[in-house]
Amino acid sequence: MKQLGSTTQSRAYDSLYRIPTPEIAEGNQAPSHSLGSDFSVPETAIEQMQRDGVVCLRNVLDPKTVEALRAEATGAVENPSEHARFVSGPDDGGIFYYEFNLWRRHPVIRAVTFDSHIPDVAAQLMRSSSVTLYYTNTFVKDPGTDSKVTPWHEDASYSRFVGLNVINMNIAFDYMPAETTLKFKQGSHAREDPLSVGPTFIPGVEYQQSMPDQVPMPSQEELESRFPTIFWEVNPGDALVFYQRTIHAGPGNTLSTRRHSTAFNMAGDDVTYDAREGFIDSPDIDPALRHGDHPAGQVFPKLR
């Protein structure tokens, strides 16, 4: 079980753990896009990202690389670091694990993070001249964890990076039908609401602390009334890319096989560092940074 920050008992967020299973016939699947032969991002994909807050890119990584990343993720579950979080274990019906920054101890994900076309794709999507790595986050969900959902939230609620131009490039290492992939609230990145306190992975247990100025997360009913839900089925190597203010959720694993993926969290131009006291899920802070600085430095390396 992951160790939480200071928490309190609350049922206020119960609705956020309900993620309706969509039907393909609903027609909610937005268009997806493929990179050019030179890894260029189509302008239509960039425009969709800006409009909807999320875009699906096909075949971002090749099968050989995906296979190697999947093997690293499996090995990391068996040999976790101090930054690994087990939301559930074998005795709870199956493993739901995530771990920050596997690139610091695994060579394939390090090469993908620093030496591949991934930062260039991110720069194009953000229309940014620079790309700074915030962190990577690798997720593994066993079959049988269908009740272990990732509730509706925005990544910005856990973030020390301030600004819209912070993205999550979540790359799948396995086939996931639309019923089990991430769901997104279309256009939610553009709302002017204050940041919302993020839920924990455990219903009834909520964070007592947050970064300053955050407000309670809206109920699922309010989210449904304001924003349509969009989603895609994904194949190994496909990426779902979204802004840190895009509200999203992840169902449990209803498949008969393990699910693996890694989120590459990166920032572009005009992003600043929040140095204030407050609870943040990522383990990294940079004491050399002042509040309002651009975050690129020794802790958060500049990729481009």
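In what order do the 8 strands of the open sheet lie? The order is 2-3-13-9-15-6-5-4, and the pairing is mixed. Two strands count as paired if DSSP finds at least two bridges between them. Strand 2 (33-34) and strand 4 (84-88) form the edges, each pairing on one side only.

The model is predicted: local features need pLDDT of at least 70, side-chain atom pairs count only at pLDDT 80 or more, and totals for chains, interfaces and linings use all residues. Residues are numbered from 1 along each chain as its sequence is written, and side-chain values use heavy atoms, without hydrogens and water.

Within the sheet, strand 6 (residues 132-141) and strand 15 (residues 259-267) run antiparallel. They are joined by 9 bridges. Tyr 135 stands opposite Asn 265 in strand 15.

In total, the chain has 5 helices and 16 strands. These are DSSP runs, numbered from the N terminus: helices are H or I with at least four residues, strands E with at least two.

The radius of gyration, taken over C-alpha atoms, is 18 Å. The globule rule is 2.2 Å times the number of residues to the power 0.38. The C-alpha trace spans about 50 × 45 × 40 Å along its principal axes.

Of the 304 residues, 57% count as buried, meaning under 20% relative accessible area (1.4 Å probe, protein chains only). Contacts are heavy atoms within 4.5 Å. Among contacts between residues at least 6 apart in sequence, 83% join residues at least 24 apart.

Conventions: Buried < 20%, exposed > 50% of the residue type's maximum accessible area, 1.4 Å probe, protein only.
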